[in-house]
Amino acid sequence: MAGTLPTPSVTDDYAQRVTKDLLESRGEQERVRAELERLQSELARLEESEVLLTKMQEVLGGAPKPPTTKKGKSKAAAVPAARSNSETPMVKGRTSGRKAGAQKKASPRKPGEPTWLDSATAYLADQTEPKSAAEVTSALAEAHPERTVTAVVVRNSLEQGVAQGRVERSKQGRSVFYTSIAAAAPQGPDPAQS
């Protein structure tokens, strides 16, 4: 009898540890995915700047160097497809196809248009309660139908806002909610409406 009593408690301990490790692994995967998406966005912006600078250099009479950029770009394009295979089919279909074509040809944001971070911060500033990344994505999609927005881009923009001190993040269980820090400080937007 003494040999059978510790077995259920040991099994329970292992089950709890495995569950905890699994949750930590999933959380780490999500963090790495978000970081990868942020880095890919940053790389896309740098490559777009390089294209613009190369065109300016051509106009000024300098020698262009775009072939090396395109080789590096094709290697980078393979990373999102591999990453998106582990996500939901909706994200896979939207993200991988769009990155390969859209970012090479044109920026989704025209000069003078606000960044997703600016748009998300402005939206949150008008809200009275915290909003999830999905709610912010829906609102931005309605506000900017001419631009393509994904939940991943909005989530990364919100996390960038958290890092910059423009947005505050709060967790309720497994859900994450965001609030504009500017909206949290002053109460009463009446002067702005006048």
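Buried denotes a relative accessible area under 20%, exposed one over 50%, and partly exposed the range in between, computed with a 1.4 Å probe on protein chains only. The structure is a predicted model, in which local features need pLDDT of at least 70 and side-chain atom pairs count only at pLDDT 80 or more, while totals for chains, interfaces and linings use all residues. Residues are numbered from 1 along each chain as its sequence is written, and side-chain values use heavy atoms, with hydrogens and water left out.

**View 1. Salt bridge between Arg-31 and Glu-28 in helix H1**. Helices (H or I, at least four residues) and strands (E, at least two) are DSSP runs numbered from the N terminus. A salt bridge is a side-chain nitrogen of Lys or Arg within 4 Å of a carboxyl oxygen of Asp or Glu. Side chains of opposite charge can pair when their charged atoms come close. For Arg-31 and Glu-28, the closest N and O atoms are 2.6 Å apart. Because the two residues are 3 residues apart in helix H1 (residues 6-60), about one helical turn separates them. Glu-28 is partly exposed at 39% relative accessibility, and Arg-31 is partly exposed at 46%. A search of the whole structure finds 7 salt bridges.

**View 2. Salt-bridge network of Glu-35, Arg-38 and Glu-42**. These residues are linked in a network of salt bridges.

**View 3. Salt bridge between Glu-113 and Arg-147**. The side chains of Glu-113 and Arg-147 meet at 3.7 Å, N to O. This pair links distant parts of the chain, 34 residues apart: Glu-113 is in the loop between helix H3 (89-105) and helix H4 (116-125), and Arg-147 is in the loop between helix H5 (133-143) and H6. Glu-113 is buried at 19% relative accessibility, and Arg-147 is buried at 7%.

**View 4. Helix H6 and the residue that follows**. The expected span of a helix is 1.5 Å times one less than its number of residues. For the 14 residues of H6 (residues 151-164) this gives 20 Å, and the end C-alpha atoms are 20 Å apart, in agreement. Buried residues of H6 include Val-152, Val-154, Asn-156 and Leu-158. Gly-165 follows H6 and has a positive phi, near 80°.

**View 5. Packing of H4 against H6**. The helices pack at an angle of about 75°, with their axes 9 Å apart. Axes are lines fitted to C-alpha atoms, for helices over the stretch in contact, and angles run from 0 to 180 degrees between N-to-C directions. Angles under 35 degrees count as roughly parallel, over 145 as roughly antiparallel, 65 to 115 as roughly perpendicular and the rest as oblique. H4 and H6 are therefore roughly perpendicular. Contact means heavy atoms within 4.5 Å. From H4, Trp-116, Leu-117, Ala-120 and Leu-124 meet Val-153, Ser-157, Leu-158, Gln-160, Gly-161 and Gln-164 of H6.

View 6. Leaving aside neighbours within four places in sequence, Thr-179 is in contact with Leu-124, Pro-130, Val-167 and Glu-168.
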